[in-house]
Amino acid sequence: MVQLLFLPPLVGAVLALLGRSHRQSALGTVIGAAGLLTGALLAASSLPAAAWGELLRLDELGLYFLFIVAGVHLVCSVYAYGYFRRETDGGHIGPSKVRMYYVWMNLFVLSMVVVVCAHHLALQWVAVEATTLFSAPLIYLHGDRKGMEAAWKYLLICSVGIAFAFLGIIFLSRAAGDISLTYTALPAAGGRLDPRFLRFSFLFFLVGYGTKMGLAPMHTWLPDAHSQAPAPASAMLSGVLLNCALLAILRVAPAVPGSYASPLLILFGIVSIGVPALLVAVQRDIKRLLAFSSIENMGIIALGIGFGGAARPAALLHVLNHSLAKVLLFLVAGDLILRFDTQRISKIRGILRQTPLSGFLLFGGILAITGSPPFGAFWSEFGILVGGIAGGHLAVSLLYLVLLAVLFGAFLMYGSEMAFGEGERRKLSSPELWCLLPACLLLLGSLWLGLHVPETLYKAMERLAAAVAFS
Amino acid sequence: MNTLTVLLLLLGIHLAVSERIRPAIRSLAAQGFLLGLLPLLDSSGGGWRAAALCVATIGVKSVAIPAILTRAVSRLDIGQESESLISTKTTILLTGALTLSAFLACTRFGLSGKDQLAAAAGLTLLFSGLLTMTTRVKAVSQVIGFVVLENGIFLLGAASGSEFTLPIELGIFLDLFVAVFLMGILMFKIQRAFTHMDVRKIHMLKD
């Protein structure tokens with residue numbers, strides 16, 4: 001019954017298209033998102049579930065990512081209602097564009113549901129490319145120059161990246177011979193895969209899907225796209241889409257020998273943490289700052305997967321921690337940008353004094369994303385460090401620690417300037433309940449995972465880590 | 001098969017060094033048509049499957065995509081020259097070097113499967129597509145480069161005999177078509193907003 005999971009986003013898209021007002025389109029999307037979350041809960045009891053021959057199969061790893069997709073989608077849909085109500089009131093955007101936002105968003109979610117449910121790696125490729133196509137219109141929704149430039153780069157760079165991933169699939173099929181290209185059959189085949197083609201294949205998978213995941217140095221499209229999209233779309237791009245690209249890499253990983261794959265992941269991982277650490281000091285735009293943090297966090301996850309051992313379950317847990325904190329930050333930033341009418345960090349000052357709840361959420365989010373206790377990311381980042389040292393990667397682990405400290409300092413500086421800094425006093429519009437409520441939920445979630453990692457979640461991460469271990 | 005491959009390779013080289021946009025689009029359409037014939041030549045596949053792939057390839061690569069690009073060129077008034085960052089002479093030299101390295105890489109790494117020539121030709125197209133994307137300044141030329149790169153991967157796939165079930169193959173074509181379609185739409189929007197199509201001048205977003 002896996003294919004039934006495609007229904008909620010489809011229904012959401014139809015309802016959004018037929019909706020006569022902004023309220024109806026938004027409600028249709030929220031219904032679709034709630035349906036998807038319910039579907040994921042129902043699917044959890046009968047795993048693994050397969051359908052359509054070799055095409056679809058939902059296992060525990062897929063379910064974990066599906067939960068993140070559905071949960072973030074629900075939160076962002078509620079937020080989008082408040083966000084676009086303010087945007088249409090301000091005359092920034094017309095009602096027809098807002099309706100198309102909801103339609104594209106539902107289709108975008110549909111393509112991600114296909115990514116997490118795909119069993120055959122070529123079907124997964126088709127779905128990952130579809131995510132690019134459905135999300136590009138979200139980036140240039142406002143139709144301004146910067147949005148179009150960002151969408152153009154996004155479409156072109158990601159399409160080329162994905163084309164390289166397809167080259168990976170071609171090499172994989174050469175390596176596999178008669179074995180079907182499913183994520184269950186490939187690791188089971190073990191030594192029957194041609195090792196040379198397998199290596200080529202993994203390299204192209206990593207470069208191709210790594211482009212989409214935002215790993216440096218293929219990340220160049222990411223800060224543009226994530227800063228130009230409307231805030232709820234930025235949150236989905238950062239908090240969910242990057243994970244889907246990661247999943248595509250994880251699906252092929254168990255077939256690849258660790259002696260080959262681990263160093264590659266460690267290299268891409270540490271470079272992706274290093275590039276934001278170098279560039280974070282010159283950021284002026286609040287959403288670009290958050291986008292660079294996404295590159296960093298994808299690097300942390302890749303590093304943890306590469307380290308292996310105890311770092312791997314921590315890296316998988318970091319996927320959830322990053323999504324919670326980053327979505328929170330994009331949502332709060334979107335609200336602040338509308339109310340301060342600027343994306344420039346230097347113009348956003350004294351939030352805590354002028355609008356205390358937003359200031360509290362922003363500062364909390366910054367602590368959460370930089371891995372400070374008592375938030376969830378602290379444990380996952382710490383777990384990766386411990387795993388790295390235990391695995392004998394002492395130098396890389398130390399470098400990782402130094403880079404994290406640099407990023408922590410930079411983010412804390414920006415955060416305290418925005419929250420406490422003195423700036424020109426301006427009259428802000430009143431806070432929007434639908435914007436701040438979802439953000440509060442996310443902060444609580446991140447806090448909960450920091451105070452107490454549930455036993456079941458921890459056990460699940462260990463099982464998933466075993467499932468994605470290299471051969 | 002070999003005749004087809006050589007023709008594809010020659011068209012690819014013409015595309016890479018061509019100074020004008022319209023002939024490049026015609027070469028692209030011809031390349032798509034030849035690629036469409038590939039599944040028919042492969043005797044192992046079933047009749048219906050081969051026919052469906054042939055129709056899909058020719059429909060997308062030889063009719064739809066060239067139509068989008070031609071429309072863009074004529075409606076957007078972007079001139080005939082496909083301006084490049086490097087001179088034509090350098091482009092020709094680089095294309096020659098890339099062709100040579102593609103053939104060398106194929107022998108060195110033993111990439112070629114059933115068909116050695118087709119694999120090398122596919123790799124050449126991939127390289128020259130990347131070259132076009134990185135050196136040409138007009139958005140249309142970048143899209144052409146992207147399609148050439150895709151054609152190269154397609155040829156490489158055919159050479160190594162990788163086959164997927166029909167729904168997946170059709171999904172791949174649908175993706176490619178929608179990607180180029182979206183790029184076409186964006187070209188129109190960019191033209192309207194920037195009143196030029198030179199990607200060198202589109203760089204408002206930077207750090």
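Asp335(A) and Arg339(A) form a salt bridge whose closest N and O atoms are 3.1 Å apart (a side-chain nitrogen of Lys or Arg within 4 Å of a carboxyl oxygen of Asp or Glu). The model is predicted: local features need pLDDT of at least 70 and side-chain atom pairs pLDDT 80 or more, while totals for chains, interfaces and linings use all residues. Side-chain values use heavy atoms, without hydrogens and water; residues are numbered from 1 along each chain as its sequence is written, and chains are lettered from A and ligands numbered from 1 in the order in which they are written.

Asp335(A) and Arg339(A) are four residues apart in helix 13, so about one helical turn separates them (helices are DSSP runs of H or I with at least four residues, strands runs of E with at least two, numbered from the N terminus). Asp335(A) is buried at a relative accessible area of 1%, and Arg339(A) is buried at 7% (buried is under 20%, exposed over 50%, partly exposed in between, with a 1.4 Å probe and protein chains only). Glu455(A) and Lys459(A) also form a salt bridge, with closest N and O atoms 2.9 Å apart. This pair is four residues apart in helix 19 (residues 455–467); Glu455(A) is exposed at 52% and Lys459(A) is partly exposed at 42%.

## A salt bridge between loops of chain B

In chain B, the side chains of Glu83(B) and Lys138(B) meet in a salt bridge at 3.9 Å, N to O. Glu83(B) lies in the loop between helix 3 (47–76) and helix 4 (88–109), and Lys138(B) in the loop between helix 5 (116–135) and helix 6 (139–159), so the pair ties together parts 55 residues apart in sequence. Glu83(B) is partly exposed at 37%, whereas Lys138(B) is buried at 7%.

Over all chains, the structure holds 13 salt bridges.

## Composition of chain B

Chain B has seven helices and zero strands. Of its 207 residues, 55% are buried. Among its contacts with a separation of 6 or more, 76% join residues 24 or more positions apart (contact means heavy atoms within 4.5 Å).

## Surroundings of Thr211(A)

Thr211(A) is placed in helix 8 (residues 195–213) of chain A and is buried, with a relative accessible area of 5%. Beyond its neighbours within four places in sequence, Thr211(A) contacts Ile157(A), Gly161(A), Leu206(A), Met218(A) and Trp221(A).
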